[in-house]
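Me: I would like to learn how to read a structure like this one, feature by feature. Where do we start?

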Amino acid sequence: MKIRTIEPFILHLPLTSDSISDSTHSITHWGVVGAAITTEDGLTGYGFTGTHAHLASDRLITACIRDCYGALLVGEEADDITRLWTKLARHPSLQWVGRAGITQLALAAVDVALWDLKSKKAGVPLWQYLGGARTDRLEAYNTDIGWLSFSEEDLITGAARAVEEDGFTRIKLKVGHEDPNADIRRLAAVRKRVGADVRIAIDGNGKWDLPTCQRFCERARDLDLYWFEEPLWYDDVGSHAVLARSTSIPIALGEQLYTVDAFRAFIDARAVAYVQPDVTRLGGITEYIQVADLALANRLPVVPHAGEMSQVHVHLSYWHPASTILEYIPWIKDHFEEPANVRDGVYLRPQQPGASTSPLAASFERYGKSLG
Ligand SMILES: [Mg+2]
């Protein structure tokens, strides 16, 4: 199954609401930036990273896929994922300019496309190809009801609807106002509305400093928060370790870590309780598995960050034994041949061969962008 072509693509897909914000980002579209890899026998695998739909930087990713990785992959045996991953990730010239950011996002897209190809060739869904399901019930938690840009009234209404109508027992709310007391008030109002049995996680997106986080955690003690995600600057191992020791709220992080080495630093420092790898930021599924295995060896739960909006992570979470629950944001699912769907708060287990990453032809036509 030799690789014949590698064709990069950029899709800018509109959100299901007009725009959303957390403490550090405001977006109107989600960028699906990736590669279609076709073999000589005509099979095509799709992989992509997730972006904030910034066309200039999306084109840097597709240029890396086309000009750097494409040249190294055409004519290669597509099945040899481990060897090909090493060839790309450890290429002397690319390693010099990469190991994070653009080259790693491009590597993620290529790697996911290779795994999609391999499981399509085997004729089974990715979770089954990897070794079968650990469970028949993968619970979802809803992030899409909790954006910082929502008014308190909309926050309460959305949380109540997710719990009472859609069957979620877990939700995540964004925090990170200039005055943390504003966040305490919003969280207390939602807790009062949904009751004690709903698991409420929070996400700061790296906005606050250590003393602000410590003061916030002290004031939030009675809210029974399930985890505090990205409380601090993403790379600051030491401050996360200090915070973890000063609060009973478990720390979650990982969505902006690009390597297994970065995860090891946080885990070794006991600075993280919930490990959040993302195939779109790590070097794809290949490095995700290394991180999930590392978490497993340290007896830490894995709760992936859904940078691909769960199209791939639903497979990995049904399979990997360290997995627990999975994020749900429904922005882009309807642009794929096999959407990542939730019913009564539980992910449907994918049934089609592959990684569920094949975009619809109509979505390519309508939302595809020029590579420049
Ligand atoms: Mg987050």
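Reply: Along the chain, the donors of the magnesium ion follow the spacing D-x25-E-x25-E. Donors are N, O and S atoms within 2.8 Å of the metal (3.2 Å for Na, K and Ca); water is not among the atoms, so sites may look incomplete. This is a predicted model, in which local features need pLDDT of at least 70 and side-chain atom pairs count only at pLDDT 80 or more, while totals for chains, interfaces and linings use all residues. Residues are numbered from 1 along each chain as its sequence is written, and side-chain values use heavy atoms, with hydrogens and water left out.

Me: Which residues coordinate the magnesium ion, and at what distances?

Reply: Asp203 (OD), Glu229 (OE) and Glu255 (OE) coordinate the magnesium ion, at 2.0 to 2.2 Å. Asp203 lies in strand β8 (residues 199–203) and Glu229 in strand β9 (residues 225–229), 26 residues apart, so the pair links distant parts of the chain. Strands (E, at least two residues) and helices (H or I, at least four) are DSSP runs, numbered from the N terminus.

Me: Are Asp203 and Glu229 buried or exposed?

Reply: Buried means under 20% relative accessible area, exposed over 50%, and partly exposed in between (1.4 Å probe, protein chains only). Both Asp203 and Glu229 are buried.

Me: How do I read a helix such as α10, and where do its buried residues point?

Reply: An α-helix has 3.6 residues a turn, so residues three or four places apart point the same way. In α10 (residues 260–268), the buried residues are Val260, Phe263, Phe266 and Ile267. Seen down the axis of α10, these fall within an arc of 120°, so they line one face of the helix; the arc is that of the directions from the helix axis to the C-beta atoms. The buried residues of α10 pack against α9 (237–246), β10 (251–253), β11 (274–275) and α11 (284–297), with contact meaning heavy atoms within 4.5 Å. Just after α10, Arg270 takes a positive phi of about 50°.

Me: How is the chain divided into domains?

Reply: Domain bounds come from an automatic or database domain assignment. Here they give domain 1 (3–123 + 361–367) and domain 2 (128–347). The centres of the two, taken over C-alpha atoms, are separated by 24 Å. In the contact between them, 33 residues of domain 1 meet 36 residues of domain 2.
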